[in-house]
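Please walk through the model below with attention to backbone angles, pockets and charged pairs.

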Amino acid sequence: MYKDKIDFFLSEISKKCIEDKGDNITFSLGSNYYSLFYNNDIEIEKIESLIDLASEDTYYSFASGSLAVIYFMRLLHTSNIITDEDIDAIEEDSIEFFLELIPIYAGKKEYDLFTGLIGLGLYFLEIQKFDTVAKIVSYIDHLKHEHNKSIFWVDNITKEENICDLGLAHGLPSIISFLAECYHKGCEKETCKRLIQGAVNFLTELYEENKDSQHIFPSKINVVTRKKQLSNRLAWCYGDLGIAIGIWKAYTVLQDEDLRAMSLSIILNSSKIRLDNAGVFYSHKNDCIDTGICHGSSGISHIFNKFYRICKREELKEAYDYWMAITLQQLGKGTKFPYDLKNDEWVEHTGLLEGISGVGMVLLDYQYPEKAKDWDKIYLMNIE
């Protein structure tokens with residue numbers, strides 16, 4: 001439907017990524033990631049610069065730190081852009097360092113995708129160190145809480161007590177998704193299956209409480225008082241879309257048709273929501289809509305597209321076209337992304353999760369899915 005327009009923006013985004021100065025690890029990662037999938041051509045100087053940035057990094061994030069860089073190097077190796085000798089040299093010291101982080105994160109009870117056990121787990125899954133992945137699964141099992149037949153995890157990073165986070169970015173759906181990845185790789189299958197079953201029992205209870213609402217799930221819930229922090233948004237990071245992904249992944253493990261029906265019901269319910277009720281960030285000062293993956297229009301479109309490819313429901317096609325049209329309209333005006341919402345400051349940058357390279361990946365997947373295969377597994381959206 002938008003072929004010429006998307007091809008134009010794919011090219012323009014490529015130019016922006018090539019122009020990236022490579023002095024910021026988050027932006028450099030995004031620009032190189034997009035270049036890898038768009039044209040499989042990355043300058044060796046940019047790779048070296050990225051490695052230098054990682055070596056100086058003190059924030060070992062799977063989103064924007066050295067762990068993300070090492071994971072990306074693995075993708076370059078898989079694409080035959082760097083050699084066996086290169087990847088061995090790069091990982092020689094880093095693997096031992098990341099192994100040492102596992103008990104530290106476990107001690108802090110930090111399971112987070114970006115700054116905890118799950119990000120480390122995805123890296124060790126990628127390099128097929130399943131004995132290490134098994135240890136991470138064991139830690140996640142140890143950190144669980146149980147009530148009746150439900151299993152949940154308490155967020156120990158925020159200052160609030162007894163909070164179960166329900167976002168795909170930082171909460172229970174990300175744990176389900178990671179455990180599903182482990183299960184399908186044959187790692188600790190029985191433990192993963194048991195934990196996933198308990199976690200979807202927890203989500204099912206919440207679903208039944210509020211399934212007739214426009215936005216079904218809260219972003220967080222106090223597991224003692226049952227007080228809920230409402231989400232009321234469409235986004236990858238928080239809200240019903242990410243939970244639908246988590247429940248779908250649970251279905252692929254448990255093969256429970258009720259879970260498939262629940263996930264589809266959630267995503268179809270969300271497909272009715274339009275921009276005015278979606279909670280997407282908007283700047284009046286800049287006349288700018290957030291188009292990023294994390295909490296913007298491209299991420300929303302992408303998730304509907306993923307489910308349409310599986311379920312072939314016309315409502316989902318209409319939804320992803322609607323959000324794609326909004327994304328393209330904004331790109332036509334020039335794209336900026338939320339930097340400081342309190343002061344309404346927006347900037348253009350090449351970040352992957354929250355910037356223009358991520359929007360480019362969504363466009364690439366929309367237009368040329370064979371080129372973008374599995375690009376989104378780092379954000380746990382690989383449901384196909």
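Asn80 has a relative accessibility of 70%, so it counts as exposed, the cut-off for that class being over 50%. In this predicted model, Asn80 sits in the loop that joins helix 4 (66-78) to helix 5 (84-107). Its phi is near 65°, a positive value in a residue other than glycine. Most residues other than glycine have a negative phi. Asp374 also has a phi near 65° and is placed in the segment after helix 14 (356-367). With a relative accessible area of 42%, Asp374 is partly exposed.

At least two lining residues come from each of helix 6 (117-126), helix 8 (172-184), helix 10 (240-254) and helix 12 (297-311). By class, the lining consists of 13 charged, eight nonpolar and four polar residues.

The largest pocket has a volume of about 750 Å³. Of its 34 lining residues, those nearest the centre are Thr26, Ala63, Ser64, Leu353 and Glu354. Helix 2 (25-39), helix 4 and strand 8 (337-340) are the elements that give two or more residues to this lining, and helix 2 provides the largest share, four residues. The lining of the largest pocket is made up of 23 nonpolar, eight polar and three charged residues.

Next come the charged pairs. Side chains of opposite charge can pair when their charged atoms come close. The whole structure contains 22 salt bridges. One of them joins Lys249 to Glu181, with an N to O distance of 3.1 Å. This pair links distant parts of the chain, as Lys249 is in helix 10 and Glu181 in helix 8, 68 residues apart. Lys249 is buried because its relative accessibility is 3%, and Glu181, at 18%, is buried too.

Asp321 and Lys317 form another salt bridge, their closest N and O atoms being 3.1 Å apart. Both lie in helix 13 (residues 314-333) and are four residues apart, so about one helical turn separates them. Asp321 is buried at 8% relative accessibility, whereas Lys317 is partly exposed at 25%. Glu208 and Lys211 also meet in a salt bridge, at 3.1 Å from N to O. Here Glu208 is partly exposed at 46%, and Lys211 is partly exposed at 36%.

Salt bridges also form a network, which links Lys306, Arg309, Asp365, Asp376 and Glu384.

Technical notes. Residues are numbered from 1 along each chain as its sequence is written. This is a predicted model: local features need pLDDT of at least 70, side-chain atom pairs count only at pLDDT 80 or more; totals for chains, interfaces and linings use all residues. Side-chain values use heavy atoms; hydrogens and water are left out. Buried means under 20% relative accessible area, exposed over 50%, partly exposed in between (1.4 Å probe, protein chains only). On a 1 Å grid over the protein atoms alone, a cavity is a set of points where a 1.4 Å probe fits but cannot get out, and a pocket is an open set with protein on both sides within 12 Å along at least five of seven lines; lining residues have an atom within 4 Å of a point. Grid points are joined across faces, edges and corners, and a volume is the space filled by probe spheres set on the points. Ala, Val, Leu, Ile, Met, Phe, Trp, Tyr, Cys and Pro count as nonpolar, Asp, Glu, Lys and Arg as charged, and the others, Gly among them, as polar. A salt bridge is a side-chain nitrogen of Lys or Arg within 4 Å of a carboxyl oxygen of Asp or Glu.
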